[in-house]
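Good morning, everyone. Let me walk you through one structure. Please have a look at the screen.

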Amino acid sequence: TINSGLDDYPAQVSAVAQALLAHDGPTVVLAHENPDGDAVGSVLGLTRALRELGREVYAPMPLPRYLQFLPEDGELEGPLETWPEGALAAVLDVDNNDFSRVGGADMAAFSGPVVNIDHHGTNLRRADALLVDPSQPATAMMLVDVLDALNVPLTEALATPLLLGMITDTGSFQFSNTTPQTLRTAARLLEAGARLNWLNEQRLQNPPTYYTLLREVLNSMEFQHDGQVVLARVNEAMLERAGGNWEDVDPYVNMLRNAEGGKLAVLIKDFGDKVKFSLRSRGGVSAQNIAVALGGGGHVPAAGATVEAPYAEARELLDQAVIAELARAQTPPQPQE
Ligand code: 5GP
Ligand code: MN
Ligand code: MN
């Protein structure tokens, strides 16, 4: 299912702010597994804001190597063993209905109220309080509106992680989701003291294994459909040879995305028994359509899916979905009756 358009944004902002304020038990703040800068920045921003309001907050979030610089010691915790009595779950940047993509806690073992703040077009809009707007570039940007509704003043400690979220999901304000409002909100965060240069200096440092692994990944590159589709693959053997790990791999897809004439970049993470596809698209091609066809989701220009099958089988499914999407993108839209 792909939802688009905006129901009633200001009403949704007040509803989630109200749900967060009205709850007097502990709040568990969560985001999607394998968190990116938007997930981490959003969790840290909301966690800090709720703690400032005197709330008891748990933020069980495992961090990728390149974002470990961001939180203070002890601010985020390891995976949640048992849900605290009377908890509210604030689920950020996670789109699906059963929240099976949530990291750090078992949502299936939770029966309490859920607040969901998200910008995925594939969000199924089922939670007790919802703020979902696919036209927003980042969950972190929506949280700025939520903090305003909570009457929490923007400080450097809140602004820096929220700016990280915005930088991540706009590709440092390069993607087409960067609007005048995006830059206005980013400017507000900078005025509040957000440390833009520090964030970029810290998050863009790569260990040597990043480059040795990159060499392997570049060797695997394929150009298909006259260069419109650019693919690369990573598997365990490559990781072992390079001495790297899976976390080093995520940024490569953005580099593939810059191939001239490319409309679709696919980074294939081959785990042996299953395969994760990271998809990026432009020029009328929808990464989201391909991801949805493979049982995943995401946004039109950036989406992903995990296929529970070995490489050859998963690759067959990918190739079919890609051909279907290229055909759809080339068909001119039918005139409306
Ligand atoms: P990435 O390729 O960076 O992992 O993900 C790109 C986008 O697609 C993100 O918004 C992410 O949340 C979404 N995404 C990635 N994998 C999946 C998946 O397996 N299922 C769904 N629903 N979304 C995914
Ligand atoms: Mn995300
Ligand atoms: Mn996001």
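Domains first: their bounds come from an automatic or database domain assignment. This is a predicted model, where local features need pLDDT of at least 70, side-chain atom pairs count only at pLDDT 80 or more, and totals for chains, interfaces and linings use all residues. Residues are numbered from 1 along each chain as its sequence is written, while chains are lettered from A and ligands numbered from 1 in the order in which they are written.

So, the layout. The chain splits into domain 1 (9-203) and domain 2 (208-330). Their C-alpha centres are 27 Å apart. The contact between them takes 10 residues from domain 1 and nine from domain 2. By contact I mean two residues whose C-beta atoms, placed from the backbone, lie within 7 Å. What lines the side of domain 1 that touches domain 2? Two nonpolar, six polar and two charged residues. For those classes, Ala, Val, Leu, Ile, Met, Phe, Trp, Tyr, Cys and Pro count as nonpolar, Asp, Glu, Lys and Arg as charged, and the others, Gly among them, as polar.

Now the ligand. How many residues surround ligand 1? The shell has 17. A residue belongs near the molecule if its C-beta atom, placed from the backbone, lies within 6 Å of it. The closest ones are Ser-278, Gly-296, Gly-297, Gly-298 and Gly-304. Both domain 1 and domain 2 give at least three residues each to this shell. By class, the shell holds three nonpolar, 11 polar and three charged residues.

Which strands supply at least two residues each of that shell? Strand 10 (297-298) and strand 11 (302-307) do. Strand 11 gives the largest share, five residues. Helices (H or I, at least four residues) and strands (E, at least two) are DSSP runs, numbered from the N terminus.

Next, helix 1. It covers residues 9-22, which is 14 residues. The expected span is 1.5 Å times one less than the number of residues.

Which residues of helix 1 are buried? Gln-12, Val-13, Val-16, Ala-17, Ala-19 and Leu-20. They cover an arc of only 160 degrees around the axis, so they sit on the same side of helix 1. That arc is taken over the directions from the helix axis to the C-beta atoms. On the other side of helix 1, Pro-10, Ala-11 and Ala-22 are exposed. Buried means 20 or more other C-beta atoms within 10 Å of the residue's own, exposed means 12 or fewer, and partly exposed is in between, with C-beta atoms placed from the backbone.

What covers the buried residues of helix 1? The cover includes strand 1 (27-31), helix 2 (37-52), strand 3 (88-92), strand 4 (114-118), strand 5 (129-132) and helix 3 (139-149).

His-23 counts as partly exposed, because it has 19 C-beta neighbours inside 10 Å.

Over to strand 5. Leu-130 is placed in it. Leaving aside residues up to four places away in sequence, Leu-130 touches Gln-12, Asn-116 and Arg-125. Leu-130 has 19 C-beta neighbours inside 10 Å, so it counts as partly exposed. Leu-130 and Ala-11 are 119 residues apart along the chain, yet their C-alpha atoms are separated by 9.9 Å.

Arg-125 sits in the loop between strand 4 and strand 5. Its phi is positive, about 55 degrees, although Arg-125 is not a glycine. With 13 C-beta neighbours inside 10 Å, Arg-125 is partly exposed.

Now helix 3. Nine of its 11 residues are buried, so helix 3 is largely enclosed by the rest of the structure. Among them are Met-141, Leu-143 and Asp-145. Asn-151 is not a glycine, but has a positive phi of about 60 degrees. Is Asn-151 buried or exposed? It is exposed, because it has 9 C-beta neighbours inside 10 Å.

One last stop. Asp-226 lies in the loop between strand 6 (222-224) and strand 7 (229-235). Asp-226 is exposed, with 8 other C-beta atoms within 10 Å. Asp-226 and Gly-86 are 140 residues apart in sequence and 57 Å apart in space, C-alpha to C-alpha.
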